[in-house]
Every structure is written in C-alpha cells, then in structure tokens.
Amino acid sequence: MAVAESPLFEPIDIGTLTIAGRLIKTATAETRASHDGFVTPELLQFYIPMAKGGTPLIITGNIYVSRAGKSAPRQVGADDDDKIPGLRQLTDAVHAHGSRIFAQLNHCGRQVVPPFAGLQEAVSASAVKELVTGTLPRELSLLEIQRVIADYGAAAMRCKQAGFDGVQIHAANGYLMSQFLTPHTNRRTDRYGGSFDNRLNMLRDVVRDIRSRVGRDFPLIVKMNGSDKLPLRHGLSTDELVQVAQVLQEEGVDAVEISVGHYESGMPMVHGTFGRCLRNMVNGAMRYLPFIRRWGFRLSWPLLALLFDLLWPRHEGFNLRYAQAFKRRLSIPVICVGGFLTRAAMEAAILRGSCDIVSAGRAFIADPLLYRHLRLNEPGPRCVDCNACIGHLGAQPADCYHPAVRAQKDAMLARLN
C-alpha cells in the first residue's frame, strides 16, 4: 500500500485541530522532570526526536494538577504558574519540527505508594484499600473535591498558556477520575457517588471547569477504560463505559482514547513478557511498599512473571474489541492504544472501522522515528514487548532497556543528531 493510500497518513480533526496522520504517541510517564516538577533538557530530549520523526500528535506523560495528585518522582507538574515557562520550552521544541502536543492531566488518587512520590497520604473517592500496593486512601471531602476540580481547570489553563495544542484528562487505568467512576472504588452516598449519574459527576465537573477556562475551541480529549477488568469486584463493563463516553461527547469532549484496567487488574494494559519488567520494579517503586508486601514481591516476582506471560501474551491491538463498541456509538474520534507495532496492524484497525486513530507508547520509546519509518517503509528499532521500560517508570528515565533494541536506538539517534 502506497503512502497516499494508507489511512495512517491521512489527516483527521480533533475538535478544531487537524493532525497530519492517524498514528499518535500515547502518554507514557517520563521520569525526566526535575524533582519539583519542572521541565528539564532531559525531558526535551525524550520528545524532540519524536517530533523530528513527524509524529502527528504527542501526548505527554501524566502531568500532575496538584502536589497531592503526584504519583511518582520526577513527574512533570502544572500545579503552579511557575511551571509555565518550562512547559513553553517543551511545546516550542515540539512545534519547531511540525508536531502537535497535548498535555495529559492527572491526579493519581489511591494508586500511589506515598513515600515513593513524596506524599504524606493518598486520597480517593472512598477509603478503599488498593490491593497491589496496600495503600489505604483517605476519602476526599466535598470541599476537597471542589478544590481538585479547580486544580484540573487551572492546570489546563496553564497548559494552554504554555502553547499546548490541547489537553487530555486521564480517566483510565484506575487513577482518580477512574476511581470516581468505578463502583468498587467509589462507595460515596453524596452527589459524587451511588448512582451511575452521580459517579459521573466528578469527571463531568472537571470537563466543565476546564471548558469554562480554555473555551470551546481548545481541544479536550479523555483517556478512559474500555473495561475495568476487575473480576470479583464491581468494576465497569464496556457498555457502561460507552455510556460514560456518550455523556462526555454531549459535554463537548473532542475525542476519547481507549485503554483498559486498574493497577488491581494486573497487567492487561501492556502485553508481552514480564520478567524484565517485574525485576526492575523490585528495585524501583516496590522498594517503598510495606515490609510484608515488599518482601513478598521480591520472592514471588519470577512466578508472577510466568503467570503474566500466560495471561497477557504479546498481541497487537489488544483493546480493539473495546474500541469498536465506542466507535459504533460515538461521532467523535475514537483512539485505540494497545500494543501496536506494525503498519499492517495499525492500518487494519482503521480500515476495519475499529477506531479512527491508533496510539502507541512502547513502540515510540524503542523507535522515536517510528512514524517516519512506517510512512517511508524504512526499518527502525523494533520494540520486543519486554516491558523493561514499564518496570523502570518512576525510578529511571523512560527509555528502552532491552540491550539489543537500545543499541539500535542509540545508534539511530547518534546519526540523527
């Protein structure tokens, strides 16, 4: 298939913004900011090659909207006006090479090991323990909820002032917005809990607050689950999540990106092999777990890796079955993330009508020039789904940690520079 005939390289509108193609960089935590959340040269060097490769749209790793919502060390913040100049450096660097960039805004809620992120406590919709980390959050008061909503709006406005082309609310993968949506993590009895509509109020109020500040012409998208994947717990089904997306569309959201799962789900949000991943976690975030959990993980990770290899084997487009359900009932673009590596799989996802745009994370970490290489049918470093990069997040800078692939990547970037 020639470049001109490929759907991957056709433009598409996200709200008022036209992007040049239908393969985008999904959000991946970078662990490259300063310890107090400022943009660094190290962070710029993560994204500049992707922009040089012609990536139509880059979505940043999760940017915290307040210090209380920080999830890991060296995470970028948009919690104060003093962050705007650094964020402007990032957008200028990406725009200099013709790419567009969205800021992903997030509050971690209960999905955090507080000492790891430098927090005193975790908060959530309700005081429901997170089973992987053992973190027991404190339930947010109504006054605190209003403060969180305002934090999202203020952070979005800062990102607009810094030159971002749009923002993405992270309402997937069990973070705070997802915690309010999901019955398992939301046991409230006020206007933010109980019924389906009440559980939606938090995300809906965040969308409205952001819109009131940035206007209707500034693209606003949402990352959300296609399934909560919480067996034996009250998680959301695909049909319920599609209903959430329909409400978001009515509220003026310009696109949705479909992922899957919470931390408690295990690893359905990434497929492949897990030995390198879990081994890296032992020396990363898991060092801050309570004693019993920490040593339990140290002793059991090899067995867990074998189990995860069986449960979530390498597979391109593993969220397409969820994305299809959204595509059938939405008129806004549906973006699907989920292990995409090859041009053939990406093109098939779009041509079959399963989604409008595909997004990739690990593939871009291995090959920042992925978009250029696919467009020109040129070889480049190929991610092997070892997930070592996932295991390092929060502890080491986001990068490819597979020796052979990393060597290819470093050689390629040396030639690029």
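Helices (H or I, at least four residues) and strands (E, at least two) are DSSP runs, numbered from the N terminus.

Two notes on the source, please. This is a predicted model, in which local features need pLDDT of at least 70 and side-chain atom pairs count only at pLDDT 80 or more, while totals for chains, interfaces and linings use all residues. Residues are numbered from 1 along each chain as its sequence is written, and side-chain values use heavy atoms, with hydrogens and water left out.

So, helix H8, residues 275-282. Which of its residues are buried? They are Cys-277, Leu-278, Asn-280, Met-281 and Val-282. What do they pack against? The buried residues of H8 are in contact (heavy atoms within 4.5 Å) with helix H9 (291-311) and helix H14 (388-392).

Now to helix pairs. Two packed helices are described by the angle between their axes and the distance between the axes. The axes here are lines fitted to C-alpha atoms, for helices over the stretch in contact, and angles run from 0 to 180 degrees between N-to-C directions.

Have a look at H4 (residues 142-161) and H6 (residues 196-214). Their axes come within 8 Å and cross at roughly 40°. H4 and H6 are therefore oblique to each other; for the cut-offs, under 35 degrees is roughly parallel, over 145 roughly antiparallel, 65 to 115 roughly perpendicular, and the rest oblique. The crossing of H4 and H6 is right-handed, a term for the near helix being turned clockwise from the far one by less than a right angle, with anticlockwise being left-handed. On the H4 side, the residues that meet H6 include Ile-145, Val-148, Ile-149, Tyr-152 and Met-157. From H6, the partners include Met-202, Asp-205, Val-206, Ile-210 and Arg-213. By class, the contact of H4 with H6 has twelve nonpolar, one polar and four charged residues. In that count, Ala, Val, Leu, Ile, Met, Phe, Trp, Tyr, Cys and Pro are nonpolar, Asp, Glu, Lys and Arg are charged, and the others, Gly among them, are polar.

Next, H7 (238-250) and H10 (residues 320-329). The axes of H7 and H10 come within 10 Å and cross at roughly 40°, and the two helices are therefore oblique to each other. H7 passes H10 in a right-handed crossing. H7 brings Thr-238, Asp-239, Leu-241, Val-242, Gln-243, Ala-245 and Gln-246 to this contact, and H10 brings Tyr-322, Ala-325, Phe-326 and Arg-329. Those residues divide into six nonpolar, three polar and two charged.

Let's move on to the loops. Between H7 and strand E11 (255-259) sits Asp-254, which is buried, with a relative accessible area of 13%. What joins the side chains of Asp-254 and Arg-211? A polar contact of 2.8 Å does. By polar contact I mean a pair of N or O atoms within 3.5 Å; within protein, one must be able to donate a hydrogen and the other to accept it, and residues adjacent in sequence count only if both atoms are side-chain atoms. Leaving out residues up to four places away in sequence, Asp-254 also touches several others, including Ile-14, Phe-218, Leu-220 and Ile-332.

Ser-126 is in the loop between strand E7 (123-124) and strand E8 (138-139), and at 2% relative accessibility Ser-126 counts as buried. The C-alpha atoms of Ser-126 and Thr-185 are 6.2 Å apart, although 59 residues separate the two along the chain. How far is the Ser-126 side chain from the backbone nitrogen of Arg-187? The distance is 2.7 Å, and a polar atom of that side chain lies 3.4 Å from the backbone nitrogen of Arg-188.

Gln-75 is in the loop between strand E5 (63-64) and helix H2 (84-95), buried with a relative accessible area of 5%. Its C-alpha atom is 5.5 Å from that of Ala-33, 42 residues apart along the chain. The side chain of Gln-75 also reaches the backbone nitrogen of Ala-72 at 3.4 Å.

Last, some backbone geometry. Thr-31, in the loop between strand E3 (23-25) and helix H1 (41-52), has a positive phi of about 50° although it is not a glycine. Asn-173, in the loop between strand E9 (166-171) and helix H5 (176-181), has a positive phi near 60°. Are these residues buried or exposed? Thr-31 counts as buried at 6% relative accessibility, and Asn-173 counts as buried at 10%.

How values were computed. Buried means under 20% relative accessible area, exposed over 50%, partly exposed in between (1.4 Å probe, protein chains only).
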